[in-house]
Structures are given as C-alpha cells and as structure tokens.
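Keep the sequence and the 3D view open, and try each task before you read its solution.

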Amino acid sequence: MEISFQMVMSQVMLGLNNGVFYAILSLGLAVIFGLLNIVNFAHGALYMLGAYVALLGYTSIGPLLGMPDFHLSYWAALIVAPLVVGAFGIVIERTMLRRLYKFDHLYGLLLTFGLALIIQGVFTNFFNVSGDPYEAKPEILSGVVNLGFMMFPKYRLWVIVISLVVCFGTWYVIERTKLGSYLRAGTENPELVKAFGVNVPLMITLTYGYGVALAAFAGVLAAPIYSVSPVMGSEMIITVFAVVVIGGMGSIMGSIVTGLLLGMVEGFTKVVYAPASSTVIFLIMVIVLLVKPAGLFGKES
Amino acid sequence: MTESVHKEMLRITDLHAFYGESHILHGINLNVGEGEVVTLLGRNGAGRTTILKSIVGLVGRRSGSITISGVETTRMATHRIAHLGIGYCPEERGIFSSLTVEENLLLPPVVQGGGMSLQEIYEMFPNLLERRSSMGTRLSGGEQQMLAMARILRTGAKLLLLDEITEGLAPVIVQTLGRLIGALKEKGFTIILVEQNFHFAADLADRHYVIDHGAIAEMITRDELASSMDKLNRYLGV
C-alpha cells in the first residue's frame, strides 16, 4: 500500500482533533497539580459530567422543569456545563480535598480516584454504557470544509480552533498576567504568598474550579463527536495521564504541546501501522520515563 | 523604660510554638514600639526565625498572644495578618524563580497607604530596573536580597520583619543594607532584625533581645551594650 501525502495529512488532522482533547485535559491536570499538589483522578469523570450536562440539558431538563419545549442549546451548554461542573468541583475542594493538602500526594489521588468511581458508577446505573447520541450540534457547524488536501468536518475544525484558543488563552493568563503571577508564586511557595497577604485558600479553590471547568468544556466539545457515555471519561483519562507523564507534571506549555503532538503521532501511526495506534503513546511514555523521568518539559528536582 | 516613649506596635505575650512534636518557643514575651529597630540575637536554632514566622502566621501550632497595634492576631487567617501592615523578608529570601524581577516586586499586595511607588523603588535600586525582565532567581545573591527588601517597601507595611538579610553577602552589600535600614528608620519604619552579624546589628538597633533555647535570655538597650559584651559573648559564642 502506498502512503500518500493526503492520507498522512488527513490522519494527522484527525489526530490533532484528538490531541486538542488531550491538551485541554492535561492542561487542567497540570494547573491543578501545580497549585494543589493533587493528581486529579476525577478529571475524566468530570469531563464525562460536562458532556452529560450538555446532553441532559438538551433532552431532559425542559420536560423536567415542566417546559417541554426548552432545550439547552449547544452554545449555552459550552458556558453552562463548565459553570455547573466548576461549581461541583468547588464543593469537592472545599469539603474534601482541602483536608488532604498536608498529607502525601497519594491521599488526594486516592480520594479523587474514589470520586471518579462513584460518579461513573452512578451514571452507569442510570444511563446507557454504550452511549447516547448528542443531537444538538448547531447547523452552522455541520458539513465539511475543503482544506485543500482533504475534506474536513466543519465541527472538528471548530473543536480544534476553539480548544487552541482556550489552551493558549489559559497559558497567556498564567504566564503573562498579574493574576497568573499569583498562581505561579503560589505553586512555588504558597506559605510565603499567604504571608504577603494573598488569600491563597481562595485561590486554590478557584483554581480547582477552573481546572475541572476545562474538563467539562472538553466534555461538551466531545459530545457531538463521540457518543455520550458514562465510561467516556475513564477511556480518555488513561491516555491523558500518559500525556501528562510524557510532558512533565505541572508544566503548562508542556502539557499543551505534548497533548497536541501525541494526538498527531497517534494519527500518523494509524497510517503507518494501524494496530499500534492505540499503544504508541504508552510506548513513548515508557521511553521518556527511561530517558527523562521528569518528563519532556518537567524540571528535575 | 526606653520603650515607653514609643507607641506600642507589637506585643508578644507568653508565646509558645511547636513544629510537629517539637516545642520550639517556651513563653516569649517581648514588645516593640513604633519606630524602633530591635534585633533578635542568638545562636542558630535558638528560635529567632520561629518568632518572626509566628508573627506572620506561618507556624501551625502556637499559643499565647501576639498583638499588632493592639489587634490580636493568633486566631487570624494568615493572609489577613499582613494587612495589619507587616512586611516579611524570609531568611531564604523567597524570590520566585518563575516570576520576573518586576513580577516579584509587584507580587505582595499593597496593605496600607504610603508605600513606595515602583518608580521610587527603581530609583533606590537601579540594578533592579536594569534587570526587571530577568527571572527572579537569575539575580546575584545581593540583588536578590535587595529585591526581597524592595518588594515589601512597596506594600506600605510599617512593621518590617527581616530575617538574616546580611547572610552570605559581600561586605560592600552589607554596608549598603546598613545604610538602607538606617534610612528606613529615619522614615519611621519599625524593624525587627534577626541577625547573625552582630556588628551590623549593633550599629542600627535601639534594643537587642537575646534568644536562647526558645526563651528570652536578656534584653539589652543600646546604652547597656558596652557593659554587656561579656554576657553577650557567652550567649552568642562570638
């Protein structure tokens, strides 16, 4: 079989489409890990929750409220789901995670892993594990665009563009603004920042809320592409953790770039040797761990 | 009583502090008047840094009373204490490596009116202006110390807690710091210095507290200094 430029490019574009999900999710994990020192295993479940807010908002919330004609639109879901899930995250941080900061990483990891299992279990009980379609994709994002080398679904192009905007917007705020300087300083030495008079506990709560809101945002973006299912998060999160390990825990730009690159590598592998495409990321993870245990962008400590 | 001339800025009564199982401070009593420069002298591990950390609220377990301008702080959230007008310069300087020099300068929130403007700070520390876009920890040790001092002058804090600011610095920089402390005293700042460098401290301070094994062993005023040198040498082992 001849490998044509078209084939490579189209798989790389589809890979980039997966890559932006890796990027946006690992970015949230990196931001949370930086300030809270917690590996947020609930991230996949919260991503799934975001998709369900969109789905249920479209299909069920109207009838439930006695307004059968009300459907939460896709555009509204992009705002509402992150807010709802972000608020949920804030409750988790205030009531549970807050008690664990003085202990080892491991406890936060176990707690969030437990939460993920509970959330996923509850949804598996009520919803179809093989997934429900989300049919609120707006008309304007249907159809295909001609990229020259391929016809590409408009919706996927939109996902790539908006995800890049959100990722690099987040990077900009953290690395280049006053607000971000508090976050960076808090990541380095929270005690001293507190002693200077900054409300670090509030900052931590909002950071966790923002990190999980990003996951919910990704969940809404994913809903029209993949079907919405209780296990969509746990499938995604395994790959995302591999991305985080490769990029280096806690590096903002590292998590974005690694997510995008690995999505494309995955796409490229589909052309070269398709059966390896689902394992290539883990192979890279093993190599990176052997050669540079702190990750590609991580700082050795 | 020399301190009765001053209005009270800080009063510590029967302060005990703990790190985990270890009992570090054993009933500290001290007070500092407005505009005074006071040093905490003592050997390493005597508890001087812990006193400063207790004041800013960075010691988890403490008992007793600490009042700042009459306000009790031992039950306050750490981030509120600074807003009573405290500027803290930690022993390890606490320059943030992921922040530029200017971001480091602008980090501590303004806690009271009357702080120096960024422009005044750059006039006072021209090196920092030159290197404003470098990352904080790229500066030399002396420059980092200037930065750690400068950033609390911006906040309007009137009570400065300075932990070992001369440690590991060249004599010429120590002299500059000495002039800076003198100038700040002129301006009416209240300053608590934890110092290893006794000669640096002796020239500047109104009073000295000698800390030994987590308790106050002596309080020596500037006038008594000459006659107390034997006693001091015994405590400090200099």
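**Exercise 1.** Find which residues touch the most other members of the largest nonpolar core.

*Solution.* Start with the term: a nonpolar core is a set of buried Ala, Val, Leu, Ile, Met, Phe, Trp, Tyr and Cys residues joined through C-beta atoms within 7 Å. A residue is buried if 20 or more other C-beta atoms lie within 10 Å of its own, exposed if 12 or fewer, and partly exposed in between, with C-beta atoms placed from the backbone. The largest core holds 155 residues, and Ala216(A) and Leu161(B) touch the most other members. Helix α1 (residues 5-36) of chain A gives the largest share of this core, 17 residues. In soluble globular proteins, nonpolar side chains tend to be buried together.

Before going on, two notes. This is a predicted model, in which local features need pLDDT of at least 70 and side-chain atom pairs count only at pLDDT 80 or more, while totals for chains, interfaces and linings use all residues. Residues are numbered from 1 along each chain as its sequence is written, and chains are lettered from A and ligands numbered from 1 in the order in which they are written.

**Exercise 2.** List the contacts of Leu161(B), leaving aside its neighbours within four places in sequence.

*Solution.* Two residues are in contact if their C-beta atoms, placed from the backbone, lie within 7 Å. By this rule, Leu161(B) is in contact with Leu52(B), Ile55(B), Val56(B), Ile86(B), Tyr88(B), Cys89(B) and Ile192(B).

**Exercise 3.** Work out the strand order in the open sheet of six strands in chain B.

*Solution.* Helices (H or I, at least four residues) and strands (E, at least two) are DSSP runs, numbered from the N terminus. Two strands pair if DSSP finds at least two bridges between them. The order is β6-β7-β8-β3-β9-β10 (chain B), and the pairing is mixed. Now look at the edges: β6 (86-89) and β10 (215-221) of chain B each have a single partner strand, so one side of each is left without a neighbour in the sheet. Next, take one pair: β3 (residues 37-41) and β9 (residues 207-212) of chain B run in the parallel sense over four bridges. Within that pair, Thr39(B) stands opposite His208(B) in β9(B).

**Exercise 4.** Describe the open sheet of four strands in chain B.

*Solution.* Its order is β2-β1-β4-β5 (chain B), with antiparallel pairing. β2 (22-33) and β5 (71-72) of chain B stand at the edges with a single partner strand each, so one side of each has no neighbour in the sheet. β1 (residues 8-19) of chain B pairs with β2(B) over nine bridges in the antiparallel sense, and Glu8(B) stands opposite Gly33(B) in β2(B).

**Exercise 5.** Where are Asp14(B) and His213(B), and is each one exposed or partly exposed?

*Solution.* Asp14(B) lies in strand β1 of chain B. With 12 other C-beta atoms within 10 Å, Asp14(B) is exposed. His213(B) sits in the loop between β9 and β10 of chain B. His213(B) has 13 C-beta neighbours inside 10 Å and counts as partly exposed. Finally, check the backbone: Asp14(B) has a positive phi of about 50 degrees although it is not a glycine, and His213(B) also has a positive phi of about 50 degrees without being a glycine. Most residues other than glycine have a negative phi.
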